[in-house]
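Grab a pencil and let's work through a few exercises together. Each one starts with a task, and the solution follows step by step.

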Amino acid sequence: MSSKSRKSKEQGRVTFPPQQEEEDEGAEEEEQQRRRRGWRGVNGGPEPPPPPQRAVKTFREPYGYYPPQPFASTMYIEESPSLRRMTMMREKGRRQAIRGPAFMFNNRGTSLTAEEERFLDAAEYGNIPVVRKMLEESKTLNVNCVDYMGQNALQLAVGNEHLEVTELLLKKENLARIGDALLLAISKGYIRIVEAILNHPGFSVNKRLTLSPCEQELQDDDFYSYDEDGTRFSPDITPIILAAHCQKYEVVHMLLMKGARIERPHDYFCKCNDCTEKQKHDSFSHSRSRINAYKGLASPAYLSLSSEDPVLTALELSNELAKLANIEKEFKNDYRKLSMQCKDFVVGVLDLCRDSEEVEAILNGDLNSEPVEAQRHRASLSRVKLAIKYEVKKFVAHPNCQQQLLTIWYENLSGLREQTIAIKCLVVLVVALGLPFLAIGYWIAPCSRLGRILRSPFMKFVAHAASFIIFLGLLVFNASDRFEGMMWSECKELWLEGPREYILQLWNVLDFGMLSIFIAAFTARLLAFLQATKAQQYVDNYIEENDLSEVTLPPEIEYFTYARDKWLPSDPQIISEGLYAIAVVLSFSRIAYILPANESFGPLQISLGRTVKDIFKFMVLFIMVFLAFMIGMFILYSYYLGAKLNPAFTTVEESFKTLFWSIFGLSEVTSVVLKYDHKFIENIGYVLYGIYNVTMVVVLLNMLIAMINSSYQEIEDDSDVEWKFARSKLWLSYFDDGKTLPPPFSLVPSPKSFFYFIMRIINFSKCRRRRLQKDIEMGMGNSKSRLNLFQSNSRVFESHSFNSILNQPTRYQQIMKRLIKRYVLKAQVDKENDEVNEGELKEIKQDISSLRYELLEDKSQATEELAILIHKLSAKLNPNMLTCE
């Protein structure tokens, strides 16, 4: 479009009606300064300062800022024609500057009438009287007109926090972009405006609050005309997701009361039609929508207000997000951050506990939902076990949690907790020496005071540690009499925990490996013993002479008369001794399991475990480089067997030995020297051997040292949390009922075990009898079986159904409600303290601007009334003056 045509169009657009009166000079200057500031930002931008407070005339035109003067405006216009021309030129230039760039955002480039411009400006700056008058009196006004950025009056009013203007606009019918205004109000945290918009009849339509802008495109309305293409927010953002992102607790509560919920995304590997179609259409948009949904789900505001058990929900969600971080590598940092946010939420709730009852409620969960049998025993600590499983270390190491765990650790041992280290060591020594007598006392009277003391987690730990130390001592003397007891103990633990949970604990894997090697060693020794017994029987049955050296024996029998130096390498006795040595080493490494009980050795044991993990990761690169040089050097020297100064690299075995020990400086340079004058091969050997040493010793070993140092420093920086977390894992292994007596005393079942075994048989027979009876009743009649099934279920869950009928919350729900209230209040106080004063100043400016327009309206009305009175008074005085003349 040419500048000339654009100029003529702009000029025609801004021409005033012929009957319009001239505006006041002060109002013109004020409006000119306000409009000269240029573009308004998409999200409101930096707010322009309020118009200068100055004295103005109070006569306004019908839809402008000042009405026409009753008797003086004509004279004013006639006396100021130059001022009117200057005003018209300024108005034209100002509109060209502001409305011209609209073509960048609006393809049609529609122009606004003077009435629409005035309406948008009044809505933006909170001119309540003008907005009210134009909405009531104008019949040609389009309330859905938009500015150059595509924002209508409702969005402008919401963006500048003009509540009264927003309420006036919401009363109009066929108002567009209500959903856009709601999203904008939520993002800016305007609570009262959000409440006003939610009360609009447009939200009575089903699923208005649950569908995102992109999902509502199919509907024949313009509820989300602005943000359906993601202008301000992502198209998949719903109001409650946005409120959760912004941590707006009040808004989240209002939306939840309206029935809005955040739908949990499907599994990452879901193959349903919806997920497949979204993945095929736009995989990036699908991934971003999943992240936005998880951001809302992981928000403390949504976790606090939407879940009946926020602690359990946050723990499970943190684990799910941690798994997604390992699956979706592209968004790994985002998912890790959300997982940490859930963990921080759980720690924050635990930090607000004020008594033991609240701590127990968080650590144990809802005890009313557990079976009655589980409530008779010690606290289940289900949330602590879940936190350990998901590695929520700050939650487990929190002082409130540690205080409760320490109380359970010294259960039934009043006074021992406050004793000195010397007294505790003396108790450990007494238990270790008197363990057989204590075991006999527990067998006889498991429910006595002695039995309760031995069932204490501390005493169980001392008994098992003492038994294992004695076992290691017997290994030193080559008499592992307690081996069978350890096998029985591991079998019981595998049965109670299940294979999956058993394998997840690395110490169980070590125990399983150690016992497996012991079994293999004893099996090989048993096989050698059986072979020797068979040979001895042959000699006893068929050989009558005492001196076997004078008798010709079969080769398989004669083998057992040889000395050790003539045994085969595959002899079962030799294999048994080698496996036994490995098992002994693993047995002594098992001592590290009890080290976390001590504050000094605990962090060292954790650092050692982390170092082992680093070594395993390093071994991948190490083996790759080692194999490359080992095969290369073997190929180079395999043809020179016997032609070298030493046999290095001539076989695969010699190549392995030479390269391995060269890492520790135990190999010589002469390993590459030949007896022949083949300098080319020898030089290549020197080069490869030198590169290998530089790569392995200088590069890879130093890299391994750096990795170990980094892991150690990481543990050291947070040693207190790491140690308490490891100690809690050790404690929990002794909190559960059972495993009171250590091996080998656990091989002999106690009377309590017999009693529990009989009770389980009785319960199993009762369940079987009920199942048979139910099958018979189902054959007699389906309705009758349903009635009996309902009666049996009602008996089992009588307390829960009673509470649900009366709609009475459980004690756990009451405690969680109390804690969540504290958490929400604390979050609001922290947010108020963190907010910058700039936002408060902005709100004050907007309130002053709105108040100014209201005062001007009141002053205008008062001036009009005064002008009418003066006119009436002059009309009365003029006849009297004429009469006097």
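**Exercise 1: the overall picture**

How many helices and how many strands are there in the protein?

Solution. Keep in mind that this is a predicted model. Start by counting the elements: there are 40 helices and zero strands. Next, look at burial: 42% of the 885 residues count as buried. Finally, take the contacts with a separation of 6 or more: residues 24 or more positions apart account for 71% of them.

**Exercise 2: two of the covering helices**

Work out how helix 18 and helix 20 pack together.

Solution. Begin with the geometry: the two axes are 5 Å apart, at an angle of about 55°. An angle between 35 and 65 degrees counts as oblique, and helix 18 and helix 20 are therefore oblique to each other. Then find who meets whom: Ile362, Leu363 and Asn364 in helix 18 touch Ser382, Arg383 and Val384 in helix 20. Sorted by class, this contact has three nonpolar, two polar and one charged residues.

**Exercise 3: another pair**

Describe how helix 33 and helix 34 cross, and say which residues make the contact.

Solution. The axes of helix 33 (residues 652-662) and helix 34 (residues 679-717) come within 10 Å and cross at roughly 45°. That makes this pair oblique too, and the crossing is right-handed. On the helix 33 side, the contact is made by Thr658, Leu659, Phe660 and Ser662, and on the helix 34 side by Tyr689, Tyr692 and Asn693. Four of the contact residues are nonpolar, three are polar and none is charged.

**Exercise 4: a residue in a loop**

Is Thr140 buried or exposed?

Solution. Locate Thr140 first: it sits in the loop between helix 6 (128-137) and helix 7 (153-159). Its relative accessible area is 67%. Exposed means over 50%, so Thr140 is exposed.

Conventions
Residues numbered from 1 in each chain as written. Predicted model: local features only at pLDDT ≥ 70, side-chain atom pairs only at ≥ 80, totals over all residues. Heavy atoms only, no water. Axes fitted to C-alpha atoms, helices over the stretch in contact; angles between N-to-C directions. Helix = DSSP H or I, 4+ residues; strand = E, 2+ residues; numbered from the N terminus. Parallel < 35°, antiparallel > 145°, perpendicular 65-115°, else oblique. Left-handed = near helix turned anticlockwise from the far one by under 90°. Contact = heavy atoms within 4.5 Å. Nonpolar A, V, L, I, M, F, W, Y, C, P; charged D, E, K, R; others polar. Buried < 20%, exposed > 50% of the residue type's maximum accessible area, 1.4 Å probe, protein only.
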